[in-house]
Amino acid sequence: MLKAQLYFLTDQYYVDFPDEKLMKNKDVIDGTPHNRPCFFAFPDIHNAEIYWIVPISSKYEKYKKIEQSKIQKYGKCDTIRFGTVLGRNTAFLIQNMCPATDKYLLAYIDKNNTPIRIDGRIAEDVSKNARLVLAKAKRGAKVVFPDIFKIYQALEQQLQSEKANK
């Protein structure tokens with residue numbers, strides 16, 4: 001996996017891990033389905049075969065307002081981070097992150113067949129904050145919408161099963 005690369009989730013992920021709180025795949029724009037959302041992926045600390053994927057939204061202003069509201073309420077906001085992707089301001093929605101494996105990730109490739117990546121400083125900021133949020137979630141805080149630990153356990157079982165069948 002390339003550092004700071006962006007991905008899409010396969011349709012199979014949504015079949016294998018039905019969770020109403022996952023950000024839905026395939027927005028329809030002008031009657032045509034598009035792979036959305038795009039995700040930034042980074043490896044799990046304990047299992048290098050599992051990645052944490054953070055969805056990216058182009059609704060920058062919407063999430064800036066949500067961030068400000070959280071800062072007013074809690075004094076900070078580590079569930080939403082901001083950066084640029086392909087020259088556009090974007091929001092990285094840590095609150096919507098989930099785990100996945102290579103089997104469910106499709107690289108975001110441009111028309112020149114080059115993987116789309118983000119600046120290393122943005123990648124570091126997002127992954128650092130995502131790890132903080134994960135630690136809070138492990139302590140029982142409701143800071144992430146999908147049932148990430150249920151999905152994580154299922155991915156671990158899937159990986160063990162695949163190794164046993166080799």
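## Contacts and burial

In this predicted model, residues 24 or more positions apart account for 67% of the contacts in the chain with a separation of 6 or more, a contact being heavy atoms within 4.5 Å. Of the 166 residues in the chain, 44% are buried; buried means under 20% relative accessible area, exposed over 50%, and partly exposed in between, with a 1.4 Å probe and protein chains only.

Residues are numbered from 1 along each chain as its sequence is written. Because the model is predicted, local features need pLDDT of at least 70 and side-chain atom pairs count only at pLDDT 80 or more, while totals for chains, interfaces and linings use all residues; side-chain values use heavy atoms, with hydrogens and water left out.

## Overall architecture

The chain has four helices and nine strands, and from the N terminus on its elements run β-α-β-β-β-β-α-β-β-β-β-α-α. The radius of gyration is 16 Å, close to the 15 Å that the globule rule gives for 166 residues, so the chain is as compact as a globular protein of that length. The radius is taken over C-alpha atoms, and the globule rule is 2.2 Å times the number of residues to the power 0.38. Helices (H or I, at least four residues) and strands (E, at least two) are DSSP runs, numbered from the N terminus.

Along its principal axes, the C-alpha trace spans about 50 × 45 × 30 Å.

## Surface and charge

The accessible surface of the chain comes to about 9,800 Å², and 50% of it belongs to carbon and sulfur atoms; areas come from the Shrake-Rupley method with a 1.4 Å probe.

There are 27 positive and 19 negative side chains, the centres of the two sets lying 5 Å apart. Lys and Arg count as positive and Asp and Glu as negative, whereas His and the chain ends are not counted; each charge is placed at NZ of Lys, CZ of Arg, CG of Asp or CD of Glu.

## Pairing of strand 7

Strand 7 (residues 88–93) pairs with strand 5 (residues 51–57) in the antiparallel sense over two bridges, where pairing requires that DSSP find at least two bridges between the strands. Ser57 stands opposite Ala91 in strand 7.

Strand 6 (residues 80–85) also pairs with strand 7 in the antiparallel sense, over six bridges, and Thr84 stands opposite Asn89.

## Positive phi in loops

Most residues other than glycine have a negative phi. In the hairpin of strand 6 and strand 7, which has two residues between the strands, Leu86 takes a positive phi near 55°.

Asn113 has a positive phi of about 65° although it is not a glycine. Asn113 lies in the loop between strand 9 (105–107) and helix 3 (120–138) and, at 66% relative accessibility, counts as exposed.
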